[in-house]
Amino acid sequence: MSNTEAAPAELACGDHPTAADPEHPAVEILTPREVPLGGPRAMRVRRTLPQRSRSLIGAWCFADHYGPTEVTGAMDVAPHPHTGLQTVSWLFAGEIEHRDSLGTHELVRPGELNLMTGGHGICHSEVSTPAAKTLHGVQLWVALPERHRNTARAFDHYVPSVNRIEGAEIRVFLGSLAGRTSPIPTYTPLLGAEIVLGPDAHMSLGVDPSFEHGVLVDTGDVVVAGSRVRAAELGYVGTGVRSLTLSNRGTEPARFLLLGGTPFDEEILMWWNFVGRTHEEIAAFREAWEAESDQFGSVTGYTGTPRRLPAPQLPAVRIKPRRNPASPQEIRDS
């Protein structure tokens, strides 16, 4: 989806604290803010990344959680651009038609990964189908590292199988977890998985200690490493953890996403739908989109109005990176 927040986010690579006690790691709770996606049929989403307390988890730089929302008319997001990132679409309910400037025409359905690589530039549209009576899911962005951020456009579709262990159903859509590995390549080490944990179930998941992790709760009474994470919140755990304990204290199944990756140690800027490195670069991306440059190509088959989304005006001040607060270890070492 297009990031049409009134005040587009700016961010830089964040600090990445190591868990002081790997057996009982601290959990940082990130609460969402509601953001309208703009237009006359605006849909409100719950945004947990980026925010002032944490900009990235691994290379995951953006997380919108929406629904369940009854579809009274079509969700219709006109063609809009992306650079320097990958978009990850994951639905719990509904159906969305995706078209992009690669010529891709694909349906986004529950339990199916749709990953689009923007790289040097791409544009796409998203429209809910007549079959979608409800929309419920997440839209995630992954920042591309310097050596790959100008890579060619690409699109991947993958349907992960269900792995049933310890009272849980796990779908691994990126990376590896619990003996399952997604075949979809990534440009930095990443993990993305949907987990549905049964009532009163408890599990201990082996995870990569070089990763930092985030648990984004959709439904249920979830406890992460001893800390309660409520619906729509994201629980962050730093690096150094080899096993992550997860519990469902409720009487209904709990559903959440487990996101992870090695800390992203590059300074980046994110404005509107662009990930870049400097204010001048962001301004050039905007100018190229407004000029209908070949950098982004065009979407065929989209029949909505407007024909394409216009870029918002750049802020009157220079776009600057924003850093996470220093970790406790850095404060002690300073």
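Predicted model: local features only at pLDDT ≥ 70, side-chain atom pairs only at ≥ 80, totals over all residues.

Visitor: Is R318 buried, exposed or partly exposed?
Guide: The cut-offs to apply are under 20% for buried and over 50% for exposed. The relative accessibility of R318 is 47%, and so this residue counts as partly exposed.

Visitor: With which residue does R318 meet in a salt bridge?
Guide: The side-chain partner sits at an N to O distance of 2.7 Å from R318. This pair links distant parts of the chain, 38 residues apart, with R318 in the loop between α1 and α2 (328–333) and its partner in helix α1 (residues 279–290). The partner has a relative accessibility of 45% and therefore counts as partly exposed; the residue is E280.

Visitor: Which parts of the chain does the salt bridge between E28 and R54 tie together?
Guide: The closest N and O atoms of E28 and R54 are 3.2 Å apart. E28, at 24% relative accessibility, is partly exposed, whereas R54 is buried with a relative accessible area of 4%. Because E28 and R54 lie 26 residues apart in sequence, the pair ties together strand β1 (residues 28–30) and the loop between β3 (44–49) and β4.

Visitor: Why is strand β11 largely enclosed by the rest of the structure?
Guide: Strand β4 (residues 60–70) pairs with β11 in the antiparallel sense over eight bridges, and D64 stands opposite Q139 there. Strand β6 (residues 85–93) also runs antiparallel to β11, joined by eight bridges, with V88 and L140 as bridge partners. The strand is largely enclosed because, of the ten residues in β11 (residues 134–143), the number buried is nine.

Visitor: Which side chain makes a polar contact with the side chain of H65?
Guide: H65 has its place in strand β4 and is buried, with a relative accessible area of 3%. Among the residues that H65 touches, leaving aside those up to four places away in sequence, are H136, G137, V138, V217 and D218. The polar contact, at 2.8 Å, is with the side chain of D218.

Key: Residues numbered from 1 in each chain as written. Heavy atoms only, no water. Buried < 20%, exposed > 50% of the residue type's maximum accessible area, 1.4 Å probe, protein only. Helix = DSSP H or I, 4+ residues; strand = E, 2+ residues; numbered from the N terminus. Pairing = 2+ DSSP bridges. Polar contact = N/O pair within 3.5 Å; in protein donor to acceptor, adjacent residues only side chain to side chain. Contact = heavy atoms within 4.5 Å. Salt bridge = Lys/Arg side-chain N within 4 Å of Asp/Glu carboxyl O.
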